[in-house]
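Subject: Structure handover

Hello,

The structure you asked about follows.

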Amino acid sequence: MKSRRLALRTLAVTGTTAFLVSCATNAPQDTWQPKGPNAKMIDDLQQPVFAVAGIIGIIVAAAVGFAIWRYKDRGQPIPEQTHGKPALEITLTVIPALILAVVGVFTFRVIFDLARTDDTQLVINVTGQQWWWEYDYPVQNEWGITQPIISSGQLVMPVGTKVLLRETSRDVIHSYWIPALNGKRDAVPGRVHTLRLEADAPGIYAGQCTEFCGLSHANMRMEAVALSDEDFAKWVAGQQAGYRAPAEGTLAKEGESVFLNQCVRCHQVEGLKRADGTLAIAAPDENVWSGAAPNLTKLMSRNTFAGAMFDLLRDACRDSVWRADSAEFGAKYLAGVDETCLNVNDLRAWLRNAPEVKPMYANPALLADTNGKYRGMPNLGLSESDIDKLVAYLLTLK
Amino acid sequence: MFKVGSKLFLGLSGFASFNLVAYIIFVERLAIGGVALSMVLAALVGLTAIVLLINEGDSESQPRDNALTGASLWPLMTVVGLMLLVLGLVVAQIYFVLGIVVVLAALAEWLVQAWSESASDDPAHNESARQRLLHPIEFPVIATLGLGVVIFSFSRIMLAISKSAGAVVFIVAATLVLLAGSWFALRPALKGALVSAICVVGAVGIVAGGIAGAGVGLRTDLAEAAEEGHYLHRECGVEKSKYFDKKAMKTLSLRSNVTAIIELRNGELSAVMVGFNEPQQRVTASRANPVTFIFRNFDAAERRMVASLGSAMAAGMAAPEDEGHAEKNETCTQLIPQGAEQALTVKYDKPSVAQDAPLTLTVPGVAGQAIEVLVP
């Protein structure tokens, strides 16, 4: 009676858990919904393998459970002990070996297909560091990229194109994973690893670092943005457009001065000049442990900041982009962020005290191992007035 | 209901619960350590449940003959290992790793000895069982350690004496080994004790020589080379370097997954990169991150590849031993013959826009050829 009650309870708990798990409607990192040929290749492999493994797992678990329940010690005499049944043992060895061999053949085929690089149409360099991803687009004239483009947080790629990521890392091992587009690939310092991505339709595909990399590992996110060829060409042109300084006498112009005094120590804005007319060159190598900080040249053309942890768009604007249909998506994404859509609360909180909203090793007392260099963005002690100016300036970086 | 196994697991579960509570109260509630301790507790509770559910598998308690249990060195060795482990936490990682190895080895020996002592009522059989299990591991490990000590000692001797004396010592030592081996082979009737004694005397002699050699230190030219950093102070011209670091030709780990392979073929330079179907004339390298290039020389003359580091000096190049090429803002491979290749790791701390001149990869003696490196 007791065991039956226990079994019923176990069944109820398992069933409820399975039901609740299946109720998730907003699951952008669902591995079961591939949106590109590479992810579909993996899905086509794992579905039958999962089914076979599941059936075998249930059979084994049921057999073990039955043996535990049926033959538990109730004080009965120990039965006669026998040793060895060659026919049974050989059968139980050969059958799994055959199953594994069949699975192995298909698995190796998929592995080799996913490792192909000879059909690449667009190359993007991806560099991981604590706790954000940098994307740089090498010169590729066929895509209109005549000078390297550098960005962060969101990887922008053309739809239906075989994109090859060349991944590396500046500090520790990270792992790049956009579940809807392909499997994981480690980004290892000193090495260049490749990962194929291809998206079937325009849209945003979410991902997350999947190799534990320190304090804010869980906040090291990424988004792949797929655009039509025409929209991608517009994005490339926009990224390569020159710097437009804010008009004199505006709040944004004052923000540019604050940026030059504070932020340019780590963050590069291409084309930004100092008062004496010289180019402002950031020096993250002198201030940050990884040696780099996000390039903010076209910040407001992106939808995220702080390692894609926060949205630059308010919820309504963000939903409008994420839920746009294929025909409208490109235009909405390329519109970028304006004053009405800016998620000003999160941006201000970040500027006010970054380590408070994203855990980072920014306490100077704990920086002995890094020769005083920060891991992540420190609290700059900006006044509310400076923050107003900076927000106005950042809005012009588009 | 509660027997030895269940008591053990219940105790461990209680201990883990105590640790978890103490950690949460005294350290940090949401730290990764708390999650790890929770997992340990969950695993122990699961094991306890299984042990209780199956009634520990066998209710028959086996009487134990304490007279069969002999003295054992392994508890002492385990404690020594634990001490090393704790010492390593404070002093140096090497002691920590050594402690783990000693603890694991001592525990394994201890467990097997404890098992073998209760395998039967016959001590001789029990000892035989232990030997059958452990000798295949013990002998190779002891032999490896012994050989390691002898080889290390011999290397200290060779590094301490002059090059010419080293050749003589090597020839004499090899001849002695050959003669002794031949003698042992031709006289199989020789007493084992005599053979062992000769081997031990030889080994002790080498170890003593090694200790003396370590005391003397590196011979003069090696000490000077290490002090002056010859292998770091690179001469990047057409001329051959005085010092040649052959190890640089053998860095196998650097030859896979590199940023680009720079090939010199028929007097022309090109960059081969994964993902690009055609050879390139421009390479994009990420800023403030070591990037590795492989230089392959397919031309007849010996060539080297030179990487210009630009006017904005890379921070890593400012070390005192690098003063020579810091002045030139460049680094390079060594001269390599036709068909050879060499890796070169470079770090560009400043972007291309910060430089007065383009960052390039060139080959001295090959005019008009350069791969431009773009650092965004």
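First, a term: two strands pair if DSSP finds at least two bridges between them. Helices (H or I, at least four residues) and strands (E, at least two) are DSSP runs, numbered from the N terminus.

Residues are numbered from 1 along each chain as its sequence is written, chains are lettered from A and ligands numbered from 1 in the order in which they are written. This is a predicted model, where local features need pLDDT of at least 70, side-chain atom pairs count only at pLDDT 80 or more, and totals for chains, interfaces and linings use all residues; side-chain values use heavy atoms, with hydrogens and water left out.

Chain B, the sheet

Chain B holds an open sheet of 5 strands. The order is β3-β9-β8-β5-β6, and the pairing is mixed. β3 (282-284) and β6 (330-332) of chain B stand at the edges with a single partner strand each, so one side of each has no neighbour in the sheet. On average, neighbouring strands of this sheet are turned by 20 degrees against each other, direction ignored. (Axes are lines fitted to C-alpha atoms, for helices over the stretch in contact; angles run from 0 to 180 degrees between N-to-C directions.)

Within chain B, β8 (residues 359-362) and β9 (residues 371-374) run antiparallel, joined by 3 bridges. B:Leu361 faces B:Ile371 in β9(B).

Chain B, helix α1

Helix α1 of chain B covers residues 4-26, 23 residues in total. From first C-alpha to last, α1(B) reaches 32 Å, close to the 33 Å expected at 1.5 Å a residue. That expected span is 1.5 Å times one less than the number of residues. Which residues of α1(B) are buried? They are B:Gly5, B:Ser6, B:Phe9, B:Ser13, B:Ala16, B:Leu20 and B:Ala22. Buried means under 20% relative accessible area, exposed over 50%, partly exposed in between (1.4 Å probe, protein chains only).

Chain A, overview

Chain A has 11 helices and 12 strands. Of its 398 residues, 45% count as buried. Chain A exposes about 20500 Å², with 60% of that supplied by carbon and sulfur atoms. Those areas come from the Shrake-Rupley method with a 1.4 Å probe; for residues, only the protein chains shown count as cover. Contact means heavy atoms within 4.5 Å. Among chain A contacts between residues at least 6 apart in sequence, 66% join residues at least 24 apart.

Cores

A nonpolar core is a set of buried Ala, Val, Leu, Ile, Met, Phe, Trp, Tyr and Cys residues joined through side-chain atoms within 4.5 Å. The largest has 76 residues. A:Tyr137, A:Leu155, A:Tyr176 and A:Phe259 touch the most other members. Apart from it lies another core, of 28 residues, including B:Ala307, B:Ile336, B:Ala340 and B:Val366.

Why is β9 (residues 203-208) of chain A largely enclosed by the rest of the structure? Because 5 of its 6 residues are buried. In β10 (residues 221-227) of chain A, 6 of the 7 residues are buried, so β10(A) is largely enclosed too. β9(A) and β10(A) pair in the antiparallel sense over 6 bridges. A:Ile204 bridges to A:Val225, and A:Gly207 to A:Met222. β4 (residues 154-158) of chain A pairs with β10(A) in the parallel sense over 5 bridges. There, A:Met157 partners A:Ala226.

Chain A, Asp231

A:Asp231 lies in helix α4 (residues 229-240) of chain A. A:Asp231 counts as buried because its relative accessibility is 13%. Leaving out residues up to four places away in sequence, A:Asp231 touches A:Gly330, A:Ala331 and A:Leu334.

Best wishes
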